[in-house]
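Me: I'd like to learn how to read the features of a structure like this one. Could you walk me through it?

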Amino acid sequence: MTPCKMAIIRFLVCFVLYGNLGHIPSSLGVILRTTDKIVWANEFEPVELTCLIESISTNNPRIEWKKIKNGIPSYVYFQNKISGDLENRAQLREPANILIFNTSRRDTAEYRCEVAAIEDQRDFDEILISLAVRVKPVVPRCSIPERVTVGTSTELRCLENEGFPAPQYRWFHNSEELPQDPKNSQKYTNFSYTINPDTGSLKFRRVRKDDAGEYYCQAKNDAGHARCQPQMMEVCDVDYLGIFLKAFGGVTVLVCLFASIYSIRRLRYHQKSHSGNNYNWSPRNGAVEYGDADEGHFRHKSSFVI
Ligand SMILES: *[C@@H]1O[C@H](CO)[C@@H](O)[C@H](O)[C@H]1NC(C)=O
Ligand SMILES: *[C@@H]1O[C@H](CO)[C@@H](O)[C@H](O)[C@H]1NC(C)=O
């Protein structure tokens, strides 16, 4: 054999071996793939978790799905049946996908597709998918003061606890949305409020007459939105008359108090001068000194006896 022929044979041998090696991975074992490792779905809508088999040579692989919630796994597809939480609510679809007909917020969890192919060299593969089910907000609880005084500060609050992910809040004044920052809008440039869209708070540093009106709040996330009933907020002027009347009322009470003490003392003086030291209504002698020592006690006593 010439060196040249030997080289050709070596080349051919190499080519054949290389060619075979190129085919080996496909029969080496099971390989899974998914289109989405993180899946979002709206509550009450269908969703499909994909578990695609890239390569396999076993004819009848064993397919299982587990749900992992708070670190605890449970079967949702086992021995060719949907079981557990998803029973009657899902089905297995070719090749190994799981279709949930009507998702619920409880379905938010991680799901693991496991395929065992005993005839393959690599006889097992698994893939983890996390499912998050969006929940529409319910009607938020709004707290809107009925009446505030000009120049004071006040806070309107809005809270919603069901929505997932947590909703963002918007406030409406006389059916128009309040811009998050009034400084950026010509119409609201004189307003002095701040809105926190994460907490639902609408704060006024100094309430103005123009802030009066109907308010409502809307809670919104990707699944939907809900709002509370509009409620009226009145803005009243500083109540000088009220303040005066209150102060005046206090003074009047004091004046009346002193006047009555004075008249009781006068009454006692008159009784004293008419009947000497003996009170006909007093069961005890010496009540005069007693009463003198403690005017309040005396008055109480006498009214009790009369
Ligand atoms: C989904 O489930 C909810 C509550 O379990 C039910 O009210 C609704 O009608 C269901 N929707 C569909 C399309 O089956
Ligand atoms: C804001 O206040 C200024 C000064 O009080 C006034 O001239 C202006 O018209 C007000 N702007 C609006 C939009 O009400």
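Me: Let's start with Cys158 and Cys217: buried or exposed?

Reply: Both of them are buried. Keep in mind that this is a predicted model. The two cysteines are joined by a disulfide, with 2.0 Å from S to S. The torsion about their S-S bond is about -75°, so this disulfide is left-handed. Cys158 sits in strand β14 and Cys217 in strand β19 (residues 213-221), so the link ties together parts that are 59 residues apart in sequence.

Me: How many disulfides does a search of the whole structure find?

Reply: Three. Another one pairs Cys142 with Cys228, the sulfur atoms being 2.1 Å apart. That link is left-handed too, with -95° about the S-S bond. Cys142 lies in strand β12 (residues 141-143) and Cys228 in the loop between β20 (224-227) and β21 (231-236), so parts 86 residues apart in sequence are tied together. Cys142 and Cys228 are both buried.

Me: And what does Cys51 form with Cys113?

Reply: A disulfide, with the sulfur atoms 2.0 Å apart. About the S-S bond the torsion is about -70°, so the handedness is left. Here Cys51 is in the loop between β3 and β4, while Cys113 belongs to strand β10, 62 residues away. Both residues are buried.

Me: What is the pairing if I number the bonded cysteines in sequence order?

Reply: You get 1-2, 3-6, 4-5.

Me: Now the charged side chains. How should I think about those?

Reply: Side chains of opposite charge can pair when their charged atoms come close. A search of the whole structure turns up 18 salt bridges. One of them is between Glu54 and Arg33, whose closest N and O atoms are 2.8 Å apart. Glu54 is in strand β4 (residues 52-55) and Arg33 in strand β1 (residues 31-33), so this pair ties together parts 21 residues apart in sequence. Arg33 counts as partly exposed, at 38% relative accessibility.

Me: Where do Asp107 and Arg89 lie?

Reply: Their side chains meet in a salt bridge, 2.7 Å from N to O. Asp107 is in the loop between β9 (97-100) and β10 (109-116), and Arg89 in the loop between β7 (81-82) and β8 (90-93), so the pair ties together parts 18 residues apart in sequence. Asp107 and Arg89 are both buried. For another pair, take Arg208 and Asp210, with 3.7 Å from N to O. Asp210 counts as exposed, at 52% relative accessibility. There is also a network of salt bridges linking Lys66, Arg112, Glu114 and Glu126.

Me: Last topic, the backbone. Which residues does a cis peptide bond join, with omega about -5°?

Reply: Glu94 and Pro95. Pro95 is in the loop between β8 and β9. The peptide bond from Phe164 to Pro165 is cis as well, with omega near -5°. Pro165 is in the loop between β14 (154-159) and β15 (168-173).

Me: What is phi of Phe44 near?

Reply: Near 70°, a positive value in a residue other than glycine. Phe44 is in the loop between β2 (38-42) and β3 (47-49), and counts as exposed at 59% relative accessibility. Gln79 also has a positive phi, near 50°. Gln79 is in the loop between β6 (72-78) and β7, and is exposed, with a relative accessible area of 59%.

Methods:
Residues numbered from 1 in each chain as written. Chains lettered and ligands numbered in written order. Predicted model: local features only at pLDDT ≥ 70, side-chain atom pairs only at ≥ 80, totals over all residues. Heavy atoms only, no water. Salt bridge = Lys/Arg side-chain N within 4 Å of Asp/Glu carboxyl O. Helix = DSSP H or I, 4+ residues; strand = E, 2+ residues; numbered from the N terminus. Buried < 20%, exposed > 50% of the residue type's maximum accessible area, 1.4 Å probe, protein only. Disulfide = S-S within 2.5 Å.
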